[in-house]
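Dear colleague,

Please find the structure we spoke about directly below, followed by my notes on what turned up in it.

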Amino acid sequence: MKTIGVLTSGGDAPGMNAAIRAVVRCGIYNGLTVKGIKRGYQGLIDDEIEDMTLSSVGDIIQRGGTILRTARSAEFKTKEGRAKAAEVLKKHGIEGLVIIGGDGSFRGAQLLSNEHGVNTIGIPGTIDNDIPCTDYTIGFDTACNTAIDAINKIRDTATSHERANIIEVMGRNAGYIALYAGLAGGAEIIIIPEVKFDIDEVCDKISYGIKRGKLHHIIVLAEGVMSGLELSKMIQERLPKLDLRHTTLGHIQRGGAPSVMDRIIASQMGSRAVELLLENKSQRIISIRNNQIVDDDIDTALAMRKEFNFKLYELSKILSI
């Protein structure tokens, strides 16, 4: 193998640049030509490809987002779109492709490999931490730290005003950011898609806290359950005298300098991706499990189920009494 490509696809996540840097520099170290593909699969179809050098990835390990940009591609979902993408890869002599993204990005890689024989390696990059085969995805730790920073600041003003605050975090189908940030931030209540919640139980806990003299109440809500505004209305109907505010963190969770953990995981995964391509491996997803970098067949990885950490959730309830 002489030439490989790297792209980022789907939602951006802090640490993607660290992964790009590792792929490029490890590739060059091993004598490979490395090409960067702009704007994900759509950029591949549109032939937005450039040669990457050591300087191309200089001074990016600390930057959030992705220097290669990212985009959704409806065209790539079609056989014709994937055939066009394969032709572009062939034109540039790209024999192996590293895809940094989430579940949908990996399914695209799987189709490209099955239909056109392209060697593909996936690196999990998403703040939601919802890829089943890995304990942590690139960007998750940073997103949690961003949420924690917001929780800390909101608690200060909530205590000053003796107020309850709903903090809505990202997580449409997965409550990992809410759980980790809520537990680490000392939230009284954590509401996530994985656990059915009882609004009366929520209000009872707030009332109990007020009776025992609590100056604030922090409720961390995953967006997949409902919006902060909706939850606020439900609580106010039952506790009309409660001073309640809600804050939606939104896309602030996607940006910012990646944490140490995200930089190291991304660097290790990027390096391993190059090693796998040099071994002529294909259709592999790289993961971190039990603090070890491992890889799985893409079919196996996509068929795995993510086991939610209910013990951690129960601990959060115990510690918030």
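**Salt bridges, a sheet and its helices**

Asp295 is buried, with a relative accessible area of 19%, where buried means under 20%, exposed over 50% and partly exposed in between, for a 1.4 Å probe and protein chains only; the areas themselves come from the Shrake-Rupley method with a 1.4 Å probe, and for residues only the protein chains shown count as cover. Before going further, please keep in mind that this is a predicted model, in which local features need pLDDT of at least 70 and side-chain atom pairs count only at pLDDT 80 or more, while totals for chains, interfaces and linings use all residues. Residues are numbered from 1 along each chain as its sequence is written, and side-chain values use heavy atoms, with hydrogens and water left out.

Asp295 forms a salt bridge with Arg284, and the closest N and O atoms are 2.9 Å apart; a salt bridge here is a side-chain nitrogen of Lys or Arg within 4 Å of a carboxyl oxygen of Asp or Glu. This pair links distant parts of the chain, since Asp295 lies in strand β11 (residues 292–297) and Arg284 in strand β10 (residues 284–289), eleven residues apart. Helices (H or I, at least four residues) and strands (E, at least two) are DSSP runs, numbered from the N terminus. Arg284 is partly exposed, with a relative accessible area of 21%, and both residues belong to a network of salt bridges that also links Arg272, Glu275, Glu279 and Lys281.

The whole structure holds 18 salt bridges. One of them joins Lys214 to Glu188, with 2.9 Å between the closest N and O atoms; Lys214 sits in the loop between α7 (199–211) and β8, and Glu188 in the loop between α6 and β7, 26 residues apart. Lys214 is partly exposed at 22% relative accessibility, whereas Glu188 is buried at 9%. Asp243 and Arg245 form another salt bridge, their closest N and O atoms being 2.7 Å apart, and here Asp243 is partly exposed at 27%, as is Arg245 at 38%.

Turning to the sheet, four strands form an open, parallel arrangement in the order β7-β8-β6-β9, two strands being paired if DSSP finds at least two bridges between them. Because β7 (189–191) and β9 (244–248) each have a single partner strand, they stand at the edges, and one side of each is left without a neighbour in the sheet. Between β7 and β8 (residues 217–222) the parallel pairing runs over three bridges, and Ile190 stands opposite Val220 in β8.

Helix α5 (residues 140–161) packs on this sheet, touching β6 (164–169), β8 and β9, and its direction makes about 165 degrees with that of β6. Axes are lines fitted to C-alpha atoms, for helices over the stretch in contact, and angles run from 0 to 180 degrees between N-to-C directions; contact means heavy atoms within 4.5 Å. Helix α6 (residues 176–184) lies across β6, β7 and β8, running at about 175 degrees to β7. The buried residues of α6 are Tyr176, Ile177, Ala178, Leu179, Ala181 and Gly182, and their cover includes α5, β6, β7, β8 and α11 (310–319). Just after α6, Gly186 takes a positive phi of about 70 degrees.
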